[in-house]
Amino acid sequence: MKENASKPLSLRLSPSVRKTVKKLSDDSGLMQAQLFDLILRAGCTAIEKNGGKFQVPLKLEVVES
């Protein structure tokens with residue numbers, strides 16, 4: 001299987017998450033799937049940079065560049 005190939009995934013998301021991602025999608029023109037991927041990658045990167053450690057609930061800090 002190719003590295004970039006993906007399989008469908010079924011997730012249960014809170015209404016607030018779905019609403020936020022839909023608004024971001026509408027505002028940006030990006031597909032919701034792209035936004036979910038970007039958000040999940042950012043979370044995974046933050047966890048990796050923290051040595052694989054995290055607390056629940058996960059809190060991310062936004063740093064403007």
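Helix 1 (15-28) and helix 2 (32-49) each supply at least two residues to the lining of the largest pocket, where helices (H or I, at least four residues) are DSSP runs numbered from the N terminus. This is a predicted model, in which local features need pLDDT of at least 70 and side-chain atom pairs count only at pLDDT 80 or more, while totals for chains, interfaces and linings use all residues. Residues are numbered from 1 along each chain as its sequence is written, and side-chain values use heavy atoms, with hydrogens and water left out.

The largest pocket has a volume of about 410 Å³, a volume being the space filled by probe spheres set on grid points that are joined across faces, edges and corners. A pocket here is an open set of points, on a 1 Å grid over the protein atoms alone, where a 1.4 Å probe fits and protein lies on both sides within 12 Å along at least five of seven lines; lining residues have an atom within 4 Å of a point. The lining comprises 16 residues, and V17, F36, I39, L40 and L58 lie nearest the centre of the pocket. Helix 2 gives the largest share of this lining, 6 residues. By class, the lining holds 12 nonpolar, 3 polar and 1 charged residues, where Ala, Val, Leu, Ile, Met, Phe, Trp, Tyr, Cys and Pro count as nonpolar, Asp, Glu, Lys and Arg as charged, and the others, Gly among them, as polar.

The axes of helix 1 and helix 2 come within 9 Å and cross at roughly 115°; axes are lines fitted to C-alpha atoms over the stretch in contact, and angles run from 0 to 180 degrees between N-to-C directions. Helix 1 is therefore roughly perpendicular to helix 2, a term that covers angles of 65 to 115 degrees. The contact (heavy atoms within 4.5 Å) is made by V17, V21, K22, L24, S25 and S28 of helix 1 and by Q32, L35, F36 and I39 of helix 2. These contact residues divide into 6 nonpolar, 3 polar and 1 charged.

Further along helix 2 is I47, whose C-alpha atom is separated by 21 Å from that of A33, 14 residues apart along the chain. Leaving aside neighbours within four places in sequence, I47 is in contact with G52, K53, F54 and L58.

The segment after helix 2 contains P57, which is joined to V56 by a cis peptide bond with omega of about 0°. Most peptide bonds, by contrast, are trans. L60 also lies in the segment after helix 2 and, with neighbours within four places in sequence left aside, is in contact with G43 and A46.

Terms used. Angles under 35 degrees count as roughly parallel, over 145 as roughly antiparallel, 65 to 115 as roughly perpendicular and the rest as oblique.
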